[in-house]
Amino acid sequence: MKRLMVLSLIVCSLCFISCDDILSDYESKSIRYDIGDYKPELCVYANYIHQKGISLDVSSTISIDFLQRGPEIKSAKVVLAKPNGQILFDDLVEFTITSLDYHKSKSNFIDINKFKFKPNLNDTLLLSVKVDGYDIVKGQTTIPALVNATKLTAQKYKADEVMYRFILQFNDPKEVGNYYLVSSVYYLTTIRTRQLSPTFIKRDTLSSATRYVVPNGDPVFDFMPNVKSSTKEPFDISLTKPRIFSDKGFNGSGYGLKIEVPLEYISPYDAETHIYESEYELELYCISKELFEGQKSSYMHQTIDGDIYAEPIILYSNMSNKVGLFGAINGPSKQKVIIERGDWLRFDKNGF
Amino acid sequence: MRTNLLFLVCYFLIFCQYSFSQTKSISGFIRDSSSGEKLVNANVFALDNRFGTVSNNEGYFSIALKENQNQLTFSYIGYKSKLVKFNNKLDTMVFVDMESDLMLEEVKVTANRRFRNSSITEIPLMQIKMAPAMLGEVDVFKTLQMLPGVKNTREGFSGFVVRGGSPDQNLILIDDIPIYNSSHYYGLFSVINDNALQSVRFMKGAIPARFGGRLSSVVDITLKEGNQKKKEKEIEIGLMSSSFLLNGPLKNCKTTYSISGRRSILDLLVLPYFLVVNKPRGGYYFGDLSAKLIHNFSPKDKLSLSFFTSKDKRFDVSGRQEYEYKGVRVEMKRDQGYKWGNYILAAKWNRIQNPKLAFNNSIYLSSFFLERHIRDKVTEQSKEYRNESSFESNILDFGIRSDWQYYPHNSHRLNFGIATTNHYFKPGVSVFYDKNIETGETVNNSYGDLPANLLESVGYFDYDLSVSRFLSLNAGFRLTAISSSAINFIIPEPRLSGTLHLLDGASLSAYYMKTNQYFHLLRSSILELPTDLWLPASSDFPPEKARQFGFDANYQTKTGLEFSIAGYYKNMENLLEYREGSSVFSTKSEWKEVTEIGNGTSYGSEFFFHKKEGRLNGWISYTLSWAKRHFEQVNSGREYYSSFDKRHDGSIVANYQFKKNWNIGANWIFNTGTPYSMPVHDVVGGSISIPDSDVKGSLTRPTLNTLVYDQKNNYRLPSYHRLDLGVHYNKPVKKHPEREQVWSLSIFNVYNRHNAFNRYFNGVYYGEASLFGILPSVSYKLKF
């Protein structure tokens, strides 16, 4: 009996130690993973800008072990057509190559004036891109209607509040698609010079630079928090990004889009010696469904970068090889408002 | 048409009336002879004309015999069959005490196999207790995972999915009360202490209308009520936890009690070490406690009070850290941790109104809680500053239900009842409190949904009817009304099943059922941490629905062998998943912002060979199945395999009593690896710009070296297999023959296979993680 007890205690101790170790962490090891024969894909990011042309960005995917990559991309045969067979553009597009980064993306802009025919609003466009060494890649999009932003106002809730409320009035083209919103601010700083005269000396301290401002809240959420579709968009105020929002909540009428923008803290010295003027401008575009979905998934991809607990994101693609995007955009419709109160809108430190 | 229907109903009523008038009713309770504990689902049948019934959850049965019939046979797995004769021509109530068959010899005839509901699988307690236990923790859910159609969520975890569903779609009832969290230790062990188990029933198809509120399955667990004849005590010491059981009669044997508890011991073992070295102290413990008090006012009236709680807590309290801040000595202390668990409090009144009518009325509270917190306390000279963040999620159910059973005839049994439950949800509230060390300003914010109430009212009936010796039917209907400030739904759930008895012991069954679930569980597909978030149905996220139909071909031999083949097809709607890109530790203020709604489909076939009794008993099961999901906003709207899809899943479970006091158990498990997501491309470029924009706007593009997935769950882990062994030695105590002591040795993963838990690519290399290698354990149990 004693022997059994002693033996049991030894076994128990060993088990306990092993259990404690096992339960405290799991084993993780690097493995050799044979990804097999990898087929590089042509990655095309193209965007039709209504009445301007197509921005085209072409690159090759590489295997995630970086060992397998596609042939160099020097030129691409680009065909833009309508579903009825009408060819709008058909030509070889050349790219400038540098020897060190041949696998990186190549950009070009095809001006609308090079088109054989100009497409109209709501036309569906078929794009095909052929590069030597890759399969032909195709995509399809529809040109959205033009949104009309009619008025932009700016006001504070209270005089001492550190927040501005901007309201952009716009008319929603019915069944149009989705929206893309770009905001910017342009500052003029006036330095008060008491000694000279009542006339101030004005100086543009930012050399005409424009900056993205940071909305405090997401415009769609603020505007219509109870609309079902408003919860569908992956807005995150911590991200540097233009705003996109879905057309699902709109029905062809006029709307006012509310955006709250916080103010920067101004020291008492600056407040005493400077007067600030800022020009706040909004550009509102209509974008195709494909572009909207692509942007949405791209934002989310950036959001989770480095987060190992995040669910994986399947980047949206409407291309035939499921890599890249072909979208369309129409706009902008612009509105400006001048803020003369001497308030400094908080801008994105990473913006430009 | 209407005339025909009227004629049919009249015929049915006249037939029943005629039939009933010719019978006498024999009813009563079936109990264990040594403890007086009820025996649930015991078989009762008349030998001479081969009809019968089974006892209900209270061990009660009622059967009508013709005047010339005078004997019944009672049988139950692990007990000697008993023949009882009746001379009385009047209605009779009996107590049938059955004797345990400890020798476990080969069984002659087990039961009249026809009257058992083929959709209900009874898990013999011996099978649960004798199965090899991981770290010595006997786990009812791990035994369930080895049944066909049931799969584990992760290796070693007690979470399970049934027929392509998800873990939240299983209704787990403890004495008829639902619990929400069924596992300890991040899901490794179930909250059910095996010492307190009385019976376990499992349903995955043709679920009777009495059960509802979940899509996929029902696990109906009954806990011990207490020995009516003598006081019993049990203690068990294992590597992970120790447990106890006290039960016995109180005054006049009309009242019994049963108390069982369990607590992990790892934190206690390491506590002295932390106290001595004064290192940052952390730990983890779990525990559960169940208590039941039963009073029999008369043979027909019984009142039971029950209490159950389970709790897990992880804590990490750092020692004081000192540093200098702007020339001032500052001390900082951090306290962080998790805790989660359940509480159940219930009262139940059982009454046998007359031999043909019995009812249970019950009132209960059931709650689930989850909390995570981080608290920093900073002391600067005489000032104190705090910074706290916490996350809470709670559910509190308050319910009343009344269940009735009416036995009009041998071939008829009617169950009906009503229930109403108020679900109070607090679905994830994050609280941030901060007191600035310089300014003294405080910030106190709460994010999350407001608490919500959901009232669920249910009425149901299900009718068992033997149309002839060859055909039996079960027709049920469940009507649920759901109301809250946001939604109002009335949801019908028809259930229909039929069994064709071909030969003696052979049967063919088919069923159709509709089930609904009124709350959702948001669950990470990456982690198995207590991040589960229960959410009420709403207009945006309506109740989950499932339609399932299937068939079952079953053959049982007279020696207790059972063969079955089953097929099923299940369609599920309004399922919830985390949105692509959402993180379980996201600071999003509302859960709606991180969820997607979609559908699922699953289908498959199951094969089962079960030897229920004898020295060698166990089963072989195999499932071939598919489980798919389709969410508009996930995987670009394309269908994908669920994270729980395992094409082939099989297990062999065997127990063998090779000597009188020695028992050996073995499990071998095999399944196809689960799907997981792995990027396939690295995109090194790609952008979309808008030239000529006044603000130089540039649309967002994938960043350089973006890892691109072609679809969700595009790869599978390697196949999984594992062998577990267990040996149990029932050592007699010479001086005290009434005592029992059992030594158990279990070895989990005998051949030390490092099965893949997950695979990942971290941007540089591929990695694979595995959880458990070989894991021996020992436990000791003393019963006195």
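Reader: Before we start, how do you know what to trust, and how are things labelled here?
Author: This is a predicted model, so local features need pLDDT of at least 70, side-chain atom pairs count only at pLDDT 80 or more, and totals for chains, interfaces and linings use all residues. Residues are numbered from 1 along each chain as its sequence is written, chains are lettered from A and ligands numbered from 1 in the order in which they are written, and side-chain values use heavy atoms, with hydrogens and water left out.

Reader: What is the mean pLDDT of chain A?
Author: pLDDT is the predictor's confidence in each residue, from 0 to 100. For chain A the mean comes to 73, with 62% of the residues at 70 or more.

Reader: Which strands of chain A have the lowest and the highest mean pLDDT?
Author: Among the elements of chain A, the lowest mean is 46, for strand β12 (residues 201-203) of chain A, and the highest is 96, for strand β7 (residues 124-130) of chain A. There's also residues 193-208 of chain A, where pLDDT stays under 50 and the model has 25 contacts beyond four places in sequence. A contact means heavy atoms within 4.5 Å.

Reader: What makes something a helix or a strand, and how many does chain A have?
Author: They are DSSP runs numbered from the N terminus: helices are H or I with at least four residues, strands are E with at least two. On that basis chain A has four helices and 17 strands.

Reader: Why is R163(B) called buried?
Author: Buried means under 20% relative accessible area, exposed over 50%, and partly exposed in between (1.4 Å probe, protein chains only). R163(B) is at 4%, so it counts as buried.

Reader: What makes D176(B) and K348(B) a link between parts of the chain?
Author: Their closest N and O atoms are 3.2 Å apart, in a salt bridge. D176(B) lies in the loop between β11 and β12 (177-179) of chain B and K348(B) in strand β23 (residues 328-354) of chain B, so the pair ties together parts 172 residues apart in sequence. Both D176(B) and K348(B) are buried.

Reader: How do you know that D403(B) and R401(B) are buried or exposed?
Author: D403(B) has 2% relative accessibility, so it counts as buried. R401(B), at 17%, counts as buried as well. Their side chains meet in a salt bridge of 2.9 Å, N to O. D176(B), R210(B), K348(B), R401(B) and D403(B) are linked in a network of salt bridges.

Reader: Why are β8 and β12 of chain B called edge strands?
Author: Two strands pair if DSSP finds at least two bridges between them. The open sheet runs β8-β15-β16-β11-β12 (chain B), with mixed pairing. In it, β8 (120-122) and β12 of chain B each pair on one side only. β8(B) meets strand β15 (residues 197-203) of chain B in the antiparallel sense over three bridges, so the two strands qualify as a pair.

Note on methods
A salt bridge is a side-chain nitrogen of Lys or Arg within 4 Å of a carboxyl oxygen of Asp or Glu.
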